[in-house]
Amino acid sequence: MDERVTLALPRPGPGLKVLLLVVAILGISLAIAYSYLPGGQSLFLALTASSDSVLDGQVWRLFTAGLLTSPARLGHLLFTLMAFYFLSPDLERRWGTWRFIRFVGIALVAGFLLSIAVDRAIPGGPAALHPRMMFGSTAGITAIAIAWSKVNAQQTVRLFFLVPVTGRQFFWFTIAMCLLGLVYPDGVPEGVLSPFGGVLVGVLLGGTPSVVRATYLRIKLALLRRQAGAPSVPLSPPASGKTKSTTSPSRRAGAPLLRVVQGGADDELRKRRPPKDKRYLN
């Protein structure tokens, strides 16, 4: 029997296609401008994020910085595109395009905000915690890896195309890589704390339903149950002093509000209809 081994690459959805296209165009064009065009370096720096610029009101940098790659390293661009490509199609297929795009955007912003918060809380800390300019998609990639491992805990993926690991093992591998960034901070232009923002978003917003969505539904259900079980306001007694019963006289006490009638409404009406006079049947 002839057995053939085929390699099936994941098919990206429309949201992932746009994301890959934007990252590729920005990466190539800004690399050219940065190296060969006057003012190219200023253009690149204007799209990066820093603590001072964001707090001065330039909040758009939180979004543009997450789409940038290093203009001096082609490997950074290739790694970013590959990392987005291999895990994102499954999530976009499960969630839909808009939820996937929102998820990546929130993760990128959360990573930079975490770095900025630590920069303000510990102004004199190590330089790795306070990069002068922050850019890169590590927070978004980390969030995708965490979310994918949650919904595919038992599924096997080949790490570095060689080592088979389950989704549960891949979850802890992603955490380990974030911790390794604390030891080797030069490879994380977003700041070493930015990936942990992606971990937080992946844990809270990944899954179906997500932790945030499930918590919201529990709170909403608890409020609805409380409203349904609240005692009704008693009616004012009549002028004669006798208390008027609020129970309908057509329903005995303790009887259910609804009653299932076998055979439907037509059979019930037929039973209640008086019998026809047999004299007029012939």
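The model is predicted, so local features need pLDDT of at least 70, side-chain atom pairs count only at pLDDT 80 or more, and totals for chains, interfaces and linings use all residues. Residues are numbered from 1 along each chain as its sequence is written, and side-chain values use heavy atoms, with hydrogens and water left out. Helices (H or I, at least four residues) and strands (E, at least two) are DSSP runs, numbered from the N terminus.

Helix α8 spans residues 167-183, and helix α9 spans residues 194-205. Their axes come within 10 Å and cross at roughly 155 degrees. Axes are lines fitted to C-alpha atoms, for helices over the stretch in contact, and angles run from 0 to 180 degrees between N-to-C directions. Helices α8 and α9 are therefore roughly antiparallel to each other. Angles under 35 degrees count as roughly parallel, over 145 as roughly antiparallel, 65 to 115 as roughly perpendicular and the rest as oblique. The crossing of α8 and α9 is left-handed. A crossing has this hand if the near helix is turned anticlockwise from the far one by less than a right angle, and is right-handed if clockwise.

On the α8 side, the contact is made by Phe 171, Ile 175, Cys 178, Leu 179 and Leu 182. Helix α9 contributes Pro 195, Phe 196, Val 199 and Val 203. Contact means heavy atoms within 4.5 Å. The residues of this contact divide into nine nonpolar, no polar and no charged. Here Ala, Val, Leu, Ile, Met, Phe, Trp, Tyr, Cys and Pro count as nonpolar, Asp, Glu, Lys and Arg as charged, and the others, Gly among them, as polar.

Helix α9 also packs with α6, at an angle of about 140 degrees and with the axes 7 Å apart. That makes α6 oblique to α9. The crossing of α6 and α9 is right-handed. Residues of α6 in the contact include Arg 99, Phe 103, Ile 106 and Phe 112. Those of α9 include Ser 194, Phe 196, Val 201 and Leu 205. By class, this contact has nine nonpolar, five polar and one charged residues.

Side chains of opposite charge can pair when their charged atoms come close. A salt bridge is a side-chain nitrogen of Lys or Arg within 4 Å of a carboxyl oxygen of Asp or Glu. By this rule the count is three. One joins Arg 120 and Asp 52, at 2.7 Å from N to O. This pair links distant parts of the chain, 68 residues apart. Arg 120 lies in helix α6 (residues 97-121), and Asp 52 in helix α3 (residues 51-55). Arg 120 is partly exposed, with a relative accessible area of 47%. Asp 52 is partly exposed too, also with 47%. Buried means under 20% relative accessible area, exposed over 50%, partly exposed in between (1.4 Å probe, protein chains only).

Asp 90, Arg 93 and Arg 94 are linked in a network of salt bridges. Asp 90 meets Arg 93 at 3.0 Å, N to O. Both lie in helix α5 (residues 74-95), three residues apart, about one turn of the helix. Arg 94 pairs with Asp 90, with the closest N and O atoms 3.0 Å apart. These two residues of α5 are four residues apart. Asp 90 is buried, with a relative accessible area of 15%. Arg 93 is exposed at 61% relative accessibility, whereas Arg 94 is partly exposed at 45%.
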